[in-house]
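Welcome, and please open the model in your viewer. We will go from stop to stop, with something to select at each.

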Amino acid sequence: MMSTTKRPCEDLAKELLGKKLVRLSDKGERLCGTIVETEAYLGHPDKGAHSYKGKTNKNEAMFMEPGTAYVYHIHSYCCMNISSKGDGAAVLLRALEPVENIPSMIKLRQKRTPGKTFKSHELCNGPSKLCLSLDVTKDQINKEDMTKSTKIWMEDGDEIKPDRIVHCKRININYAEEWVDKPLRYYIQGNKCVSKLDKEAEKAM
């Protein structure tokens, strides 16, 4: 796995863009996508972070060594984060561009929505969608050390130049008070797999 996990959260969130997330399925098949969108959660005093009020049984992975997977449930779906340097800090993976074994990703999505067809850019354009497409579940992946894991890991990909990275506010954290508008979401400008564009942030680039 690439060594950038031992980085401050905001730096890691930007440096993960362009890197590949690889999940080895139970059948021994590589399911892989390029990371195109992330969000940084900084621990205390970030009121948007699950770790804002300290360590619990649910968020313990956020306090583990950089490179640890933190998978949590939201309703009946999962979202995946990677812990970074900083107490309780982690990066949410918001969107991937599918790269390898896309037909298998489609089948995994169709388990939840039988009969529905998916275009490639629709498979992983959201944090729960990417978990479904790569079969990332809390019971299998939470607290997994991605620097050593044979189930899920990161690989180097294309370097994304800073002038292609959009900085904007995070999504669905209306509870975070003064942290709502902090520009802690990052995505690759022009990539069609991004979950939601921020036109105002792009104009300001």
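Which helix gives the most to the lining of the second largest pocket? Select helix α2 (residues 102–110), which contributes 3 residues; helices (H or I, at least four residues) and strands (E, at least two) are DSSP runs, numbered from the N terminus.

Before moving on, note that this is a predicted model, where local features need pLDDT of at least 70, side-chain atom pairs count only at pLDDT 80 or more, and totals for chains, interfaces and linings use all residues. Residues are numbered from 1 along each chain as its sequence is written, and side-chain values use heavy atoms, with hydrogens and water left out.

Now show the rest of that lining, including Asp26, Lys27, Glu29 and Asp135. By class it holds 6 charged, 2 polar and 2 nonpolar residues, and the pocket's volume is about 240 Å³. (On a 1 Å grid over the protein atoms alone, a pocket is an open set of points where a 1.4 Å probe fits, with protein on both sides within 12 Å along at least five of seven lines; lining residues have an atom within 4 Å of a point.)

Next, select Tyr72, Ile74, Cys79, Arg94 and Pro127, the residues nearest the centre of the largest pocket, which has 25 lining residues. Its space is about 410 Å³.

Stay with Ile74: its bridge partner in β4 is Tyr77. Strands β3 (residues 69–74) and β4 (residues 77–83) run antiparallel, joined by 6 bridges; strands pair if DSSP finds at least two bridges between them. In their hairpin, select His75, which takes a positive phi near 60°.

Conventions. Grid points are joined across faces, edges and corners, and a volume is the space filled by probe spheres set on the points. Ala, Val, Leu, Ile, Met, Phe, Trp, Tyr, Cys and Pro count as nonpolar, Asp, Glu, Lys and Arg as charged, and the others, Gly among them, as polar.
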